[in-house]
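Please look through the sequence and the structure below before reading on.

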Amino acid sequence: MRDGRVYRSPLAATGALQISDWVRDDLPDLLWPVLVLSELGTAGARRFLHWQKAVQQDLAGKVELGALAGCLDGRLTNLDRLTTLLPDSHGVVRTRAQEQGLLPESVVGALASYPLRPAKWLVSLDVTPPGQADIDLLARALLEVLSDNHRHAVIKCLQIWSAVQAGTFSTDARTIELLKPYPNDPATRDAADSVVRAAWGAQKSLLLHNDEDYFVPAIRWARAFWGANSMTTRCRRSRDSDADSDDTAEDEVDLPSGHAVPRRSAAPAAMPEEGVHLRQLAMDLLSSYVEALETSPARLYDHERQEVCCGLVVRAGREVITALGAPDFWCMEHGSHIIRVLVESRIYMQWMAQADPSIYRSFQDYGAGKAKLYARIMEELPEDVKRADFREAVKELEDLSHNDSVLNHRVVDTRASFAEGKSIRSMASECGLLDLYRQAYQMASGVAHSEWWSIETHAMERCRNVLHGGHLVPSLSLSSGGNVELARSWVDQLNTLIRLSLRVLETDQNAVANAFGWLDPEPGIEQPDDGADNDDVSSG
Ligand SMILES: [Zn+2]
C-alpha cells in the first residue's frame, strides 16, 4: 500500500496492528511464576490454581470478584493492585502461597535480589545482591520460558484460570471445549497453547484500552529489572563460549563497572593462495589499457572525452589494485566502496557515451566548480589555524578550480551531479543499467551510509546472556575478509569498465590487440579485442 514514497504491507496499512515485546515489558512482572515453574516444572502451575482458589475464597465479599480474579494472574504489580483495593490482603496472599509451596527458598532468594521489585511484601527476606545460585536460577528460568512455548502459554493461562475459578470468564463454546482439558490433553495442547497466548495479548489490549496507564507500574519495574541485570551480570559474546572451550589466552580489560571485556590482538587476514595473482592481473589489465590508448591515435583537439573516460577507469583501477593488496577488504563490510566506484564509473561512462559530446566538458567543469567551492569553505576557518601547509592545500584546490586570478569566471554548481543534477539512478535507468544499479550499487551504498541492517550484521552481535534480554552489543571480532570470489568479481568489473572505455573511445583495434596480447582467454576475463558488438555501447 503506497503512500508517497512509503510502502506498507496490507497488514501494516490497517493501522490496527500493534507489535509489542512481552519479554521486555511483561516477563519481569511475571517473574514469580516464571521462577516457580522453573523449580517445580510446568505441572507446578496446578499449585497456582489452588492458591488462586484459596485467596478468592478468603477475600470473597470484600472486593469485587472480577477485580479480585484479575489481581491473581501471577503479575507482581497486580499483587500490589490487590493491596491497594484491600490493604490487609498481604497476609492471605503470602500464607496461601506458602501453603502451596510457591515460595521455595531458591525463588525467595532470587526475588529478594531486586530492590525495586513490586509486591516486595511477598517475601520477607531482606534485599541482598544475587549470588551465583540466584543468577543461575534466573537465567535458567528465563531461558526455559523463552524456549518452551508450552510453559510460556501456561504462565499466560494463569489469568484465564483465575477468572474461570471466580466465575467471571466468558468466551465462545469452541474455546471453552479447547480449554476444558488444558493442559492435560496432548492432542489439543498445541492448539490450546496458541489460543491462550493470543487471548492473553487481546486481554492486554483491552486493559490498555480501558486504562492507558494500566501497565505503567509493570513497565517501570521492567526497566528496573533489566537495569539491575546489566549491573549484576556481564554481556556474553559467542566468542566467550569459544574461548571457554579452546583455552585461548586473552588479555582482559577491566572496566570501572567491574565488567571485564576480553581483548584479542587481531592480525590482518592472510593472503588466500587462490587470490595472490589478482593484484598483478588488475595491474596488468590497467597498464595494457594505458598502453592501448597511448599507441592509438588520440583526439588532442577535443581531448575531454578521452581524459574523462580514462580518468574514470584509472581511478577505479587504482582502488581495485590497492584493495587487492589487503585481503581484509575482501568482504562486504570493508569492500563496499570498491563496488560503488566500479558501478558508478560504469554508469557515468555508459550514460555520457549516449549524451551530447559536450557532456565530458560539463563533467570537468562541474568538478572544477566543486574545487572552487571547497577552497572557499576552507577559507572560512579562523586565521590562527591557517598554517603554511593548510594554505598550500587551499591554493591547490584553487588551482584545480581552473579559475582565473583576475577574471572570476568559474561557475559553482551545487546540484547533485554534473548532469544538471540528474541522479545516478536516472542515468542508470536511461542507459540500460538500472538492474546493475539496483542489485549492486544500492546495497553497497547501504553499507557506506551505515544503514542499520549493515551495522547490525557487520559490527554488532546479540548478547548471549539471557538476563540481558537479547540486546545487541558491539562485535569484538573483525570480519575475516579474504573472499576470493568477491575480489575476482572486482577484477571482472574493472575489465568490463576497460572494455567499455575502449569502445567509447573507438581505440584502434590493432593497438588494443597488441596491448592485451598476453591475456589468455581464461574464464571470467573476457578478451577486450574480441571484436564483438564494438558499436553497441549499451550492450556492455
Ligand atoms: Zn548483554
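Helix H3, which spans residues 31–40, is mostly covered, since 8 of its 10 residues are buried. In this predicted model, the buried residues of H3 are Leu31, Trp32, Pro33, Val34, Leu35, Val36, Leu37 and Ser38. After H3 comes Gly41, which has a positive phi, near 85°.

How do H3 and helix H4 pack, and at what angle? Helix H4 comprises residues 45–59, and the axes of H3 and H4 are 9 Å apart at an angle of about 130°. An angle over 145 degrees would count as roughly antiparallel, and one of 65 to 115 as roughly perpendicular. H3 and H4 are therefore described as oblique to each other. On the side of H3, the contact is made by Trp32, Pro33, Val36, Leu37 and Leu40, and on the side of H4 by Ala45, Arg47, Phe48 and Trp51. Sorted by class, the contact of H3 with H4 has 8 nonpolar residues, no polar residues and 1 charged residue.

Helix H21 (residues 434–448) packs with helix H22 (residues 452–459) at an angle of about 70°, and their axes are 7 Å apart. That angle makes H21 roughly perpendicular to H22. In this contact, Met443, Gly446 and Val447 of H21 meet Trp453, Ser454 and His458 of H22. The residues of the contact of H21 with H22 divide into 3 nonpolar and 3 polar, with no charged residue.

The next topic is the metal site. Which atoms coordinate the zinc ion? The donors are SG of Cys235, SG of Cys463, ND1 of His468 and NE2 of His471, at 2.0 to 2.4 Å. The angles among these 4 donor atoms are 103 to 114°, and the site of the zinc ion is tetrahedral. Four donors count as tetrahedral if all angles lie between 85 and 135 degrees. Along the sequence, the donor residues of the zinc ion follow the spacing C-x227-C-x4-H-x2-H. Two of these donor residues can be described by their accessibility. His468 has a relative accessible area of 11% and is buried, whereas His471, with a relative accessible area of 31%, is partly exposed.

Ala192 has its place in helix H12, which covers residues 189–210. Is Ala192 buried or exposed? With a relative accessibility of 0%, Ala192 counts as buried. Residues up to four places away in sequence aside, Ala192 touches Leu178 and Tyr182. Ala192 and Pro181 are 11 residues apart along the chain, and their C-alpha atoms are separated by 9.4 Å. Lys204 is also found in helix H12. The relative accessible area of Lys204 is 13%, so Lys204 is buried. Apart from neighbours within four places in sequence, Lys204 is in contact with Asp25, Asp26, Arg75 and Phe215.

The backbone deserves attention as well. Most residues other than glycine have a negative phi, and most peptide bonds are trans. The peptide bond from Tyr182 to Pro183, however, is cis, with omega near 5°. Pro183 lies in the loop between helix H11 (173–179) and H12. Ala119 has a positive phi, near 50°, although Ala119 is not a glycine. This residue, Ala119, is found in the loop between helix H8 (105–111) and helix H9 (132–147). Glu420 likewise has a positive phi near 50° in a residue other than glycine. The place of Glu420 is the loop between helix H19 (388–400) and helix H20 (424–430).

Which residues does Leu116 contact, leaving aside its neighbours within four places in sequence? Leu116 is in contact with Trp221 and Ala224. The C-alpha atoms of Leu116 and Glu64 are separated by 29 Å, and these residues lie 52 residues apart along the chain.

Key:
Residues numbered from 1 in each chain as written. Predicted model: local features only at pLDDT ≥ 70, side-chain atom pairs only at ≥ 80, totals over all residues. Heavy atoms only, no water. Axes fitted to C-alpha atoms, helices over the stretch in contact; angles between N-to-C directions. Helix = DSSP H or I, 4+ residues; strand = E, 2+ residues; numbered from the N terminus. Parallel < 35°, antiparallel > 145°, perpendicular 65-115°, else oblique. Contact = heavy atoms within 4.5 Å. Nonpolar A, V, L, I, M, F, W, Y, C, P; charged D, E, K, R; others polar. Donors = N, O, S within 2.8 Å, 3.2 Å for Na, K, Ca; no water. Tetrahedral: all angles 85-135°; square planar, octahedral: opposite > 155°, others 65-115°. Buried < 20%, exposed > 50% of the residue type's maximum accessible area, 1.4 Å probe, protein only.
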